[in-house]
Amino acid sequence: MNMFLCNAVALSGRSAVMLISGMCIYMLLMLFIGWISCRKVSKMSDFLVAGRRLPLWMSTATLLATWFGAGSSMGVAATVYSDGINGVLADPFGASLSLILAGVFIVGMLRKNGCMTVTDIIERRFGKAAGVYASLWMIPVYVGWLGAQLLGLGTILNLLLGISVIKGTLIGAAVVLLYTCAGGMWAVTLTDVVQVGIMIIGLIMLLPGTVELAGGCDAMLETLTAADTLAPVGASSFNDYVYYIGSWIVMGLGCMVGQDLVQRSLASKNSKIAVASSVMSGFLYVVIAFIPLSIGIAARVIFPKFGITEAVMGGDLENQVLPRIAIMVFGGSYPVLLTIFIAALTAAIMSSADSSLLAGASLLCNNVIAPLCPKLREKWLLFGTRITTLLLTVIALILAIWVKSIYSLMINSWISQLVIIFLPVIMALYVPKATANTAWATMIVGTVVWIGYTYIASCGSGMGIVKLLASDGFDRAITCGAVYGFVAALITFICSYIGERIVGDEEVSAE
């Protein structure tokens, strides 16, 4: 049992050396791919959308790798372990839905319009100011998402090497930053293809051993409770139902207009590939995500069996569920398999980290700096995009250190896309008579209601900002606020659009 209570570095000397060597080789491989890729990047379209040359298999692989990161692997396993399946409605269920819906309604049209970012369509329809405003609200999404991935990397390196989570986070951030900064979207795509293959192999290898260690499927099924359903369990107040709805739509609708999703679709060879890859990756994603979900259930049996508790492990057990199960299943007996799985888990996290980093940098430079500095030469804009990756990485590191829950950090990151970005994008694509005034009214009202409710609902907590951001109360407040903000924005859009149509008809009649 003692072996199961230690980190991987405390395994046999040969196993530890193999693990550390394997991780070093893997990270050096990612850096090598970044170095090779940088030779194909000479302009912004190369850096942002890989020259629009991705075939179906590469587009699907990079989308799947992007979605399956720390939140979908470590975060889902940890949340199911502690809160049940009901705690992961947003991801994987809402997230897979967003991929399918985006493929049907969003990405094909954006690809046909030749956009490089999702807010390009807002800028074209409603003006530069609207595009800048929307982009400024999207950038924090990817800073938060990047922070969640970097925290996952730090946790893995902490388990492997015994170094602090902060030091591990810094090491992981440096590797992701270097190859993303060097090769842009092309480097991200090539690394994603490698990463998604390793990830799927690693998860498939781990599942049988986990079920066996738990005592079989029957033992796992005995741990299921009412919280292990997709229904609104325990909802007794209006806000409980609002929170339940928010758990579905924050990612289910908000991620439909995510820059990381759209950026891969825009890098496809044509609009048909963009649509097909998004829909295919949505179905594949929910299937693969059932593996960490099952591991989270198995951990309820395995951890008590071997005396693994928060007290024994010194806290922070939640984020360690998936890597610690891998150490227990493979242990010192199967060092090669353990090395492959840890590489797979690292691959899953790094594939999402590079995607979020590139998405944030793309929005900041292409949709904020470029419109504000129209005379800036393209080579300087490309240089600025690379510098921006460094800035966003530093901010994400600070956020990761503040907020200790990977899943919470990830889910809260997506809210502004639902409240502020979703409706203007839909208007730009499907409502040809919508005006800039309607778009602005929709974005401003949604923003005010969302932030206003979140502040009012959480300001009485008496906690400092750091504790507040990491608290369950803040999660509920900001999610409920997102639902109210989205509904307010929708009502504003309908009223403003109808009002402008009535006024327009009256002016035509008067003429």
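This text walks through a predicted model, from the whole chain to single residues. Residues are numbered from 1 along each chain as its sequence is written. Local features need pLDDT of at least 70, side-chain atom pairs count only at pLDDT 80 or more, totals for chains, interfaces and linings use all residues, and side-chain values use heavy atoms, without hydrogens and water.

Start with the overall fold. The protein has 22 helices and zero strands. Both are DSSP runs numbered from the N terminus: helices are H or I with at least four residues, strands are E with at least two. Of the 511 residues, 59% are buried. Buried means under 20% relative accessible area, exposed means over 50%, and partly exposed lies in between (1.4 Å probe, protein chains only).

Now go inside. The largest nonpolar core holds 134 residues. Such a core is a set of buried Ala, Val, Leu, Ile, Met, Phe, Trp, Tyr and Cys residues joined through side-chain atoms within 4.5 Å. Leaving aside residues up to four places away in sequence, Ile302 touches Thr210, Leu213, Ala214, Ile325 and Met328. Contact here means heavy atoms within 4.5 Å.

Next, compare two residues. Asn366 sits in helix 16, residues 335–372. Is Asn366 buried or exposed? Asn366 is buried, because its relative accessible area is 12%. Ile387 belongs to helix 17, residues 378–402. Ile387 is partly exposed, because its relative accessible area is 44%.
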